[in-house]
Amino acid sequence: MAGLPTMPTVEAIPINLGRLLGAIFGVAIIAGLMGLAQMISARAADRRLVQTGYPPRTLLATRLATLGGVTVVVAAVNYGVLWLTISPEAPVLTFVFLVLAGLVYAFLGALVGALLPRLFEGSLVVVFLAMMDAFLSGDSPLAADVPEFVEYFPLYHPKELLQEAMFQGTYTTGDLGFVAGYLLVLLVLVTAVFGMTMRTSGGWSA
């Protein structure tokens with residue numbers, strides 16, 4: 001990374017931008033895979049709990065809360081590594097936005113885990129999406145002519161928030177609102193899909 005040249009097509013010094021993208025990708029991929037693994041590995045146990053009368057929404061809330069806690073820990077580790085190499089202009093905002101990036105992918109991983117039956121296929125989906133997302137959303141000079149729909153990718157607005165907090169100490173309200181909306185939509189989808197997959201022949205009690 002130290003040998004990377006300064007490039008006029010990117011907004012920040014390439015090495016620092018690379019470190020920022022590495023941190024956000026690290027949080028996203030780990031949180032996404034954790035969400036995926038949690039939903040698939042616990043599916044059979046969740047169905048048994050639902051059959052015994054455990055409310056599905058409470059069960060899902062417990063799993064997502066656990067996932068959120070793990071995401072905060074993962075974000076803290078990545079933030080620590082980032083902080084050792086770059087001095088953020090707004091340290092608290094930087095950490096919060098890193099957590100938000102992780103939560104987006106944690107919920108996305110949970111959604112994929114609720115939809116797909118096996119860990120292998122789900123892992124391929126999450127890893128491929130995260131890699132493409134980090135590449136196209138990351139101001140890469142190799143992806144300078146990306147289409148406009150890239151701004152709807154999961155990491156695009158979290159990356160914009162993180163980049164502003166890191167290098168300018170500010171943030172854009174529109175980006176923050178987009179991330180909040182993204183999380184809300186994912187939460188609704190996860191709840192709906194989880195509820196459908198937990199249905200049994202006798203139905204379930206919500």
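**Entry 1**

I started at Glu160, which is buried with a relative accessible area of 17% (buried means under 20% relative accessible area, exposed over 50%, partly exposed in between, with a 1.4 Å probe and protein chains only). I note that this is a predicted model, in which local features need pLDDT of at least 70, side-chain atom pairs count only at pLDDT 80 or more, and totals for chains, interfaces and linings use all residues. Residues are numbered from 1 along each chain as its sequence is written, and side-chain values use heavy atoms, with hydrogens and water left out.

Glu160 meets Lys159 in a salt bridge, at 2.6 Å from N to O. I took a salt bridge as a side-chain nitrogen of Lys or Arg within 4 Å of a carboxyl oxygen of Asp or Glu. Lys159 also counts as buried, at 1% relative accessibility.

**Entry 2. The other salt bridges**

How many salt bridges does this rule give? The count comes to 3.

I looked up Asp46 and Arg63, which form a salt bridge with the closest N and O atoms 2.5 Å apart. This pair links distant parts of the chain, with Asp46 in helix α2 and Arg63 in helix α3, 17 residues apart. For helices I used DSSP runs (H or I, at least four residues; strands are E, at least two), numbered from the N terminus. Asp46 counts as buried at 1% relative accessibility, and Arg63 counts as buried at 19%.

Glu121 and Arg118 also form a salt bridge, and their closest N and O atoms are 2.5 Å apart. Here Glu121 is partly exposed, at 26% relative accessible area, while Arg118 counts as exposed at 53%.

**Entry 3. Helix α2**

Which residues of helix α2 are buried? In α2, residues 43-51, I found Arg43, Asp46 and Val50. Seen down the axis of α2, these buried residues fall within an arc of 60 degrees, so they line one face of the helix. The arc is that of the directions from the helix axis to the C-beta atoms. An α-helix has 3.6 residues a turn, so residues three or four places apart point the same way. Arg48 and Gln51 are exposed on the other side of α2.

I then checked what covers the buried residues of α2, and the list includes α1 (14-41), α3 (56-85), α4 (91-115) and α7 (173-197). Just after α2, Gly53 takes a positive phi of about 105 degrees.

**Entry 4. Ala114**

Ala114 lies in helix α4 and is buried, with a relative accessible area of 6%. Leaving aside neighbours within four places in sequence, I find Ala114 in contact (heavy atoms within 4.5 Å) with Met39, Arg43, Val193 and Thr197. Ala114 and Thr197 are 83 residues apart along the chain, and their C-alpha atoms are separated by 7.2 Å.

**Entry 5. Helix α5**

I checked the length of helix α5, residues 119-137: at 1.5 Å a residue, its 19 residues should span 27 Å, and the end C-alpha atoms are 26 Å apart, which agrees. The expected span is 1.5 Å times one less than the number of residues. The buried residues of α5 are Gly122, Val126, Ala130, Asp133, Ala134, Leu136 and Ser137. Their cover includes α1, α4 and α6 (156-167).

**Entry 6. Aromatic pairs**

I searched the whole structure and have 4 aromatic pairs. Tyr79 and Phe95 form an edge-to-face pair, 5.8 Å centre to centre with 70 degrees between the planes. Tyr79 lies in helix α3 and Phe95 in helix α4, so the pair ties together parts that are 16 residues apart in sequence. Phe97 and Tyr171 are likewise edge-to-face, at 5.9 Å centre to centre and 65 degrees. Phe97 lies in helix α4 and Tyr171 in the loop between α6 and α7, so this pair ties together parts that are 74 residues apart in sequence. For the rule, rings of Phe, Tyr and Trp (its six-membered ring) pair if their centres lie within 6.5 Å; planes under 30 degrees apart count as stacked, over 60 as edge-to-face and the rest as tilted.

Phe97 is buried at 3% relative accessible area, whereas Tyr171 is partly exposed at 39%. I also noted one aromatic cluster, formed by Tyr152, Phe178 and Tyr182.

**Entry 7. Confidence**

The protein chain averages a pLDDT of 84, and 86% of the residues score at least 70; pLDDT is the predictor's confidence in each residue, from 0 to 100. Among the elements, α2 has the lowest mean pLDDT (86) and α4 the highest (93). Over residues 7-12 the pLDDT is below 50, and beyond near neighbours in sequence I count 10 contacts for this stretch in the model. Residues 201-206 are also below 50, with 12 such contacts.
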